[in-house]
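Please open the model in your viewer and keep the selection panel to hand.

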Amino acid sequence: MRGHSSKPSKGEAEKQLRRDAYEVLGVNRNSTDQEIKSAYRKLALKYHPDKNANDAKASDIFKEVTFSYNILSDPDKRRQYDAAGFEAVDSESQDLELDLSSLGTVNTVFAAIFSKLGVPIKTTVSATILEEALNGVVTIRELTLGQSLCRKVEKQCAHFYSVTITETEAQAGFVCRVNCSDKSKFKLLYFDQEDNGGLSLALQEDSSKTGKFTSAGMYFLGFPVYRMDPAHNSVAAVKDPDAAFFKKLDGFQPCEINELKAGTHYFAVYGDNFFKSVSYTIEVLSAAPFPEEKESLRSVEGQILSKRVELSKFETEYREVLSQFTEMTNRYAQEMQAIDELLKQRNEIHACYTSTPQIKRSSSSRSKNKASFKESEDGLLARDKKQSKDRSKKKRWYNLHLKVDKRKPCGMD
């Protein structure tokens, strides 16, 4: 008799039909982070819902591309995926990047509320902005080294800038920084110029709060410079409070580009607020006047990398000690309860050593005694009231009625 085979669930069927993440992005397993990012951006731009309205197939491909990129762009998830495939990656923890320009008003309001509550929401640059840049139809403003400029950019819009540097300036290093005094959210973007003159997104730095400001910067100093992704460990921190500490440096990742060649380079400031515009100050600097800061940055980031390795080892030790502490705490409570119980039994045994018979009174007899006591008390009160009433009726000498002749004044015969 044939065995009855169970029908696979919808989730299992979807897992079986999934294409390899590298295949989806069109890259090989040895591809660099920059190659993976470039492949993702081209595909995301091609299949973005804004450009393919009412196209279900394009929408599915866009989701597949985004899902694959979320795995391969994260070093830990990529390592797990390479070792054991999709089974090693928790699909529920995949973060999707939202294009706020494509959201309706209601969805934007909900996203803003969740963001205020501390829920990390990743946003992406509007597909319209990327397409305009790729087609070369954006307005570009030229900046010179040492120049700072204050402007206001509307939400989900971008201001483009160009900076030209010499060979000497490229070797010395180059820095681009953006600050915002009202703590608005924005993105600092760097673009590569294509053969057709269009611009393709190469680097993206989200603003982060630093004191009373939000800021973002790109540092091209000729050696590996790292960036901090605050949302990298946000989900793990929610699940395990201790992870907020031990995973704090997991988002410390190297930038894809460490140096720029002589020539013209293109940047943009993208307004990433949900509703309001962003007032900002952009500044481009040569690193030549800052030799001490350059070496200090290299030294400090090297120490941070060492601390990340130390934290990994310390976490193992901490978890072991915490487990022992929890075990000891539980035992402490159990021992305390056992000791209190033994002392209680001891006192009861001591109380047994007496020649006086112990009267055990039940709860029912106690209640009866209380009731009879109350009745007797009520009877006494009623009798006292009656006696006092009777006494008040008896005449006293000071209650005698004295007749006085009103016709004769007192004291006269």
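Two strands are said to pair if DSSP finds at least two bridges between them, and strands (E, at least two residues) are, like helices (H or I, at least four), DSSP runs numbered from the N terminus. This is a predicted model, in which local features need pLDDT of at least 70 and side-chain atom pairs count only at pLDDT 80 or more, while totals for chains, interfaces and linings use all residues. Residues are numbered from 1 along each chain as its sequence is written, and side-chain values use heavy atoms, with hydrogens and water left out.

Begin by selecting strand β3, residues 158–165, which is joined to β11 by eight bridges and runs antiparallel to β11; here T164 stands opposite T264 in β11.

Now move to the open sheet of five strands, whose order is β2-β12-β4-β8-β7 with antiparallel pairing. Its edges are β2 (148–153) and β7 (208–210), and because each has a single partner strand, one side of each is left without a neighbour in the sheet. From one strand to the next the twist averages 30°, with axes taken as lines fitted to C-alpha atoms and angles running from 0 to 180 degrees between N-to-C directions.

Finally, select β4 (residues 174–180) together with β12 (residues 278–286), which pair in the antiparallel sense over six bridges, and find F174 opposite S286 in β12.
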